Amino acid sequence: MKKIYALATAALVFLSQWTMAQTDLSYYLPQDVTYNKEFPSPKDILGYNVGEWHVSHDQLAMYMRQMAELSDRITIEEYARTHENRPLYLLTITSPENHKNIQRIKEQHRQLTDPNASGKLDIKNMPGVVWMGYSVHGNEPSGSNASLLAVYHLAAAQGPEIDKLLSETVILIDPSINPDGLNRFASWVNTHRGKNLVTDPNSEEFAEAWPRGRTNHYWFDLNRDWLPLQHPESRGRLVKFHEWKPNVLTDHHEMGTNSTFFFQPGIPSRNHPLTPAKNYDLTKKIAGFHAKALDKIGSFYYTEESFDDFYYGKGSTYPDVNGAIGILFEQASSRGHAQESVNGVLTFPFTIRNQFTTTLSTLEAVQNMREELLTHQRDFYRDALKESAKAPFGGYVFSAEKDPARAYHLAEIIHQHQIDIYRPKDKFTINNVTYTPEDSYIVPTNQPQYKLIEGMFERRTSFQDSLFYDVSAWTLPLAFNLEHANLTSRQFKSNMLGQKLASVDFPAGQVVGGNSAYAYAFEWHGYYAPKALNTLFNHGLQTRVATNKFTAEGKQFDYGTILIPVMGQPVSAERIHELMAHIAKDNGITVHAISTGFTEGINLGSPGIYTLQQPKVAMLIGDGVNSNDAGEAWHLLDHRFDINTSLVNAESVNRIDLSRYNVIVMADGSYGSISEIGRTRLRTWVQQGGTLIGMGNATRWLADNKIGNFSFKQSEKTDTIRLPYASMSNTTGAQVIGGAIFETNLDLTHPLGYGYYNSKLPVFRDNRLFMEPSKSPYANPVVYTANPLLSGYISKPNLKQLGNTAAISVSALGSGKVIGMTDNPNFRAFWFGTNKLFLNSIFFGQIISGGSARAEEAAH
């Protein structure tokens, strides 16, 4: 047996070495095409064959710039910069003649999406537009490495076939959608590559360090950001997408090493209902070109058995709601240079060849189906406009009277998607909410982007399928926790529309009451109020928070109002006023000058007004921690609120001095690297006054280790003893909460509820962690309602389990607090509505006393 195994291993190694030896251009390129030798191959510029090493982003960018400089078929433009300041490039590749008329071609192509102009276009003489997007996940690198071959081929190939292709198509190549992640991954695998390739899956080359290269700088999955647009990579890309309105967009990914190759269409029952059936038909027709090309090189593949086209925030699905065809490619990943798999040794060059082959098959499909694809795009927008005329809603209105910044950010997203948005002409009231021209926005449905508008605003709770590759709901007004209404055809009138917004402006802040020699105050309603407070901390100012309402200068101030005394500060009264003007303008809030402490309700010297300490935040990271959730918290604190956050490896808790922090954040995950000594140290730190915030499974870990007093429901058992084996994946998958929106009740008087003014709060949930409410009646600031589903899919047993459970519970431990959250309040950076729960935990965890904490301590 050992001899057989040794022979098999030797054969695998030989196969690996043989394949690597064949990775000159002849391994990849079609053999019936001649190439202009005046154009440098990737090896001529990089010094190695494609697939021999993993290309770094700087090398990739260098090659792209060089080819654009040399070829009259190529132009290149930088469309954005990453968080790490790496450039993102888009190459436009077409015939020299088309380049001379590129602006006219672009404008004509955009007119396809305008039903008022598209009928005048001569589609027979229009080029098709195809967008090739590579490696949105940085550790799925075969796509970006294949882009080297694609650009070389399109620049250097000679003959009537390539001339015809370039004449009839405009090809847009985005060679690296995620430069930061690609560079992180390339550095890892190249560092661990030996002269002799090791294919052992246990080798360090295949054990990429946390947080791995899949995500961008802040550990976000950029593939999910096409709709929310929270990152510079996505925002820049979307500008170019709508500038061109491509007919086909390809999205090149990788999957598990033991897989083969997947191309869309995905599972038919998992397409979003707003996507027209014609999209699926065209995707399936294009699939025939991929199958033929992969058959020719002997590669195994499958289609229609995995993945879906439901969430419109993915790169392969967003085009489907914009009149285009999005195509997902998933290649089995070598995760390095060569790795053993159930199918033999999977080499990096092999993965690249499949991605390049389907790049060419896509181009062939677009060329052959050009008129059909152009017609589909024209008809998509014509049909959408017709459907909007029959739609149940004439428009959507949303507002946030006490927090205009939240409404602004949603309006900003909508505007970036080429959707017309208006201010109301006059104020009006619906469902006891008054919408004003100053605070509200209206999105009419009677416009070409009707399908996308519906995808943003709809609430859906019934589905054809119960399995989802991603989230099942993302209703944006709920995500932003805005006052909103669906305007029925009877309610919506065109004369209610005021100014159409050419741009969306950040709300103007102000200081009301001029200079004060006594105090200033601002309410906590504003989204950026925490940033304003942190700015004051950074300037050394003493600040206080009111734990009850009071009235001053004729205005009633809400729970959580921030007070800034003028006397006793380290800076002058004049400088304090300057700071008030600064924080008001930068954060879109209103600051009020107060002339006396003799206020109605509590006075300004009341024991119910607490002095605040500046948060000194550490977030635990490392193996076992959910890097997405951790990254979303880091991004919120660092990028959006300018709060210094120490990223501390969880294992360091066993030895470092924790006293330099007063807040520790634990994102969803497991924390096995924290030893018994570390757990004791963490428990002691809380007892001495620290605030510990746990999210998701971190809350369960805190409970299991007796650091937080939380308890959880057990999953209900069924009496079923036998089911068909073939139904197992669907049956178990139906119990997954992939991502849906639920209603909670919020205690507006609790410090974690400060700044909110509606006790009904939509939250996002993607787990089955059902937390029992605390026995203390004051320790449950956020609780799910009895029947909480607002939008998305959840099984009936899970919905029953979820009702009346705690979304957040507060546990006292000595002088400190442990705050347990079942859900991620910072989901994908666009869940603005619950960010304040997280920020309140950081800023006000220190003042939770008497009520929730002391009562809990007494109860236990």
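1. Proline 607 counts as exposed because its relative accessibility is 76%. (Buried means under 20% relative accessible area, exposed over 50%, partly exposed in between, with a 1.4 Å probe and protein chains only.) Proline 607 sits in the loop between strand 26 (600-601) and strand 27 (609-611). Threonine 744 is 137 residues from proline 607 in sequence and 31 Å away in space, C-alpha to C-alpha.

2. On provenance: this is a predicted model, where local features need pLDDT of at least 70, side-chain atom pairs count only at pLDDT 80 or more, and totals for chains, interfaces and linings use all residues. Residues are numbered from 1 along each chain as its sequence is written, and side-chain values use heavy atoms, with hydrogens and water left out.

3. The protein chain has 25 helices and 36 strands. These are DSSP runs, numbered from the N terminus: helices are H or I of at least four residues, strands E of at least two.

4. The radius of gyration of the protein chain is 29 Å, which agrees with the value near 29 Å for a compact globule of 860 residues. That radius is taken over C-alpha atoms; the globule rule is 2.2 Å times the number of residues to the power 0.38. Along its principal axes, the C-alpha trace spans about 90 × 75 × 65 Å. Buried residues make up 61% of the 860.

5. Of the contacts (heavy atoms within 4.5 Å) between residues at least 6 apart in sequence, 79% join residues at least 24 apart.

6. The largest nonpolar core holds 159 residues. Such a core is a set of buried Ala, Val, Leu, Ile, Met, Phe, Trp, Tyr and Cys residues joined through side-chain atoms within 4.5 Å. Phe398, Phe522, Met580, Met666, Tyr671 and Leu692 have the most contacts inside it. Leaving out residues up to four places away in sequence, tyrosine 671 touches Leu620, Val625, Ala650, Met666, Ala698 and Trp701. Another core, of 58 residues, lies apart from it; Val50, Tyr63, Val248 and Phe348 are among its members.

7. Two cis peptide bonds deserve a look. One joins tryptophan 210 and proline 211, with omega about 5°. Proline 211 is in the loop between helix 9 (179-191) and helix 10 (232-244). Another joins glutamine 264 and proline 265, with omega about 25°. Proline 265 lies in the loop between strand 8 (261-263) and helix 11 (277-297).

8. Next, backbone phi. Asparagine 431 is not a glycine, yet has a positive phi of about 55°. Its loop runs between strand 14 (428-430) and strand 15 (433-435). Asparagine 431 counts as exposed, at 64% relative accessibility.
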